[in-house]
Amino acid sequence: MRTKQLFIVASALMVSPALLFGAGTISGKVTYTGTPAKQKAIDMSKEPSCAKQHTTPVTTETVVTGPNNVLENVVVYISAGAPDESTAPTQAVTFTQKGCQYLPHVLAMRTGQELKVVNDDQTSHNIHPLAKVNREWNKSQPPGTPPLNEKFDKEEFISVKCNVHPWMHGFFAVLKTSHYSVSGENGGFSLPNLPPGKYTVTAWQEDYGTQTQDVTITGNETKTVDFSFKAKPY
Amino acid sequence: MGRLFAIVVTVIALASAVPIITHHWFWSDISFAPPEDISTHGHAIDDQLSDTMVEAGLSFLAAQILLGLFVWKSAERKSTDAIKTFPGGARIMVIAALVLVGTEILALGVLGQKAWANVYFKPAAPDALQIQTQAGQFAFYFRYPGADGKFGTPHPDKIDEGNSNFFGLDPANDVESRDDIVTGELAIPVDREVHLMMHSKDVGHSFYVRELRIQQDFVPGLDLSVHFTATKVGKYEIVCTQLCGLGHYNMKAYLNVLSQADFDAWMKQKASEQ
């Protein structure tokens, strides 16, 4: 009986420290000032099976903006202060090649988390993460083959390219923490379940670099943190 | 038995040489015909190939018939008969063969010069449409100078394919590069001379359009060029014909020959997408 109670308490402690100490949230919006560079149209004429999947012109995704100057595809994460997390989530993240583009353009994941790479196209792709800290790899994936399973052990932002289709470009954001968020269509992000403490929040944009802000969470509260990047005209 | 062999040799020679020699006159509409020629210089190359085929076919036939003739003549020879040799020995035969083959090759070279030299020794006209052509693993990219008529300077260190900067342009500092038009398709106006300035980004590649009768290698480190005039509107395939790596089979682009009006519209469209 006593063992059982102890077990429940221990489980609660392990699963969610936030339950005991209150859970704070950091949320906000990522915006830009100035005029961002015009994204270039991608010419896929050499790969008709991909070109015909797109009814509207496809452009590069180096800087993706939305109404009210919001920035998409910005990775916002706790870079310091987050509790140590020893195990990676068991659920895999998926990176899909469709219409000779990467979906999503920026994929965030935990170190050690399983990454599934899917080829949805009728053509061969060759996925090549240009890792510098992690082990670099380069694998061919013909149409109809099962997904590739990979993982990265160290924290790194990795540029990903396809060796067959030079215009294909994406990023893997491999992070030590599971407290991350990638800004969506409204530029918003949210980092929930944060126990009280002092945190450094970092926002990373592939072209504009990084910004950091320090935030203190005292209890069950939501703190708003906004990031604003200066756009480059070229 | 020997005579039968002579007949077989002659029949095989005739059966293989006749289609080769006569292909130009009789079979040009059937599957042996070369693909349609859409260039102003292509007919000279086709004629040259035809001449070579006819000449080689005739030489082959003559040599085989001569062989057959000798076999036929010597078929009845008894083992006790004296062996006859060619008067003067082998030396005269060797010299005669050298002179004959030499003349043949020289003649083909002299005749062929007008087909080859027209493309390679004659510079492009100054008003030819200049297009920079870059081959890289595993795609071709083309650059038009844009409204200012000037190409921006390429910087190899600024090449960033993920951002579609395939030529390494620096629009932030280089004004001339701002209106350059980069495409993955080679569109050209019909009946206007086009001057392709070619370079490779990485390894050896080749630019081949069979309907244009042009095949030119890209050699890393060399700036090469070809010029031609296309005479027929249509869409043709540009393929890489130099094994360049894993994706070589998939390295292609399209040549789009357009009327002047369509070309201007296309150019406008592409300029707006840059």
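Author: Before we start: two residues count as in contact if their C-beta atoms, placed from the backbone, lie within 7 Å. And keep in mind that this is a predicted model.

Reader: Okay, so how many residues does the contact take from chain B and from chain A?

Author: Let's take the two sides in turn, using that 7 Å cut-off. Chain A gives 19 residues to the contact, and chain B gives 22 residues.

Reader: Which element supplies the largest share of chain B's side?

Author: By class, the side of chain B that touches chain A has 8 nonpolar, 10 polar and 4 charged residues. The largest share of that side is 3 residues, and they come from strand 10 (residues 252–258) of chain B.

Reader: Now inside chain B: are helix 2 and helix 3 roughly parallel or antiparallel to each other?

Author: Check the angle: helix 2 (residues 42–74) and helix 3 (residues 90–120) of chain B pack at about 165°, with their axes 9 Å apart. Anything over 145 degrees counts as roughly antiparallel. So helix 2 and helix 3 of chain B are roughly antiparallel.

Reader: And what classes of residue make up that helix contact?

Author: Among the residues that meet are Ala44(B), Ile45(B) and Asp51(B) in helix 2 of chain B, and Leu108(B), Gly112(B) and Lys114(B) in helix 3 of chain B. Sorted by class, the contact has 5 nonpolar, 5 polar and 4 charged residues.

Reader: How far apart do the C-alpha centres of chain B's domain 1 and domain 2 lie?

Author: Domain 1 of chain B covers 2–77 + 86–120, and domain 2 covers 129–273. They do touch, with 10 residues of domain 1 of chain B in contact with 12 residues of domain 2 of chain B. Their C-alpha centres lie apart by 39 Å.

Notes:
Residues numbered from 1 in each chain as written. Chains lettered and ligands numbered in written order. Predicted model: local features only at pLDDT ≥ 70, side-chain atom pairs only at ≥ 80, totals over all residues. Axes fitted to C-alpha atoms, helices over the stretch in contact; angles between N-to-C directions. Helix = DSSP H or I, 4+ residues; strand = E, 2+ residues; numbered from the N terminus. Parallel < 35°, antiparallel > 145°, perpendicular 65-115°, else oblique. Nonpolar A, V, L, I, M, F, W, Y, C, P; charged D, E, K, R; others polar. Domains from an automatic or database assignment.
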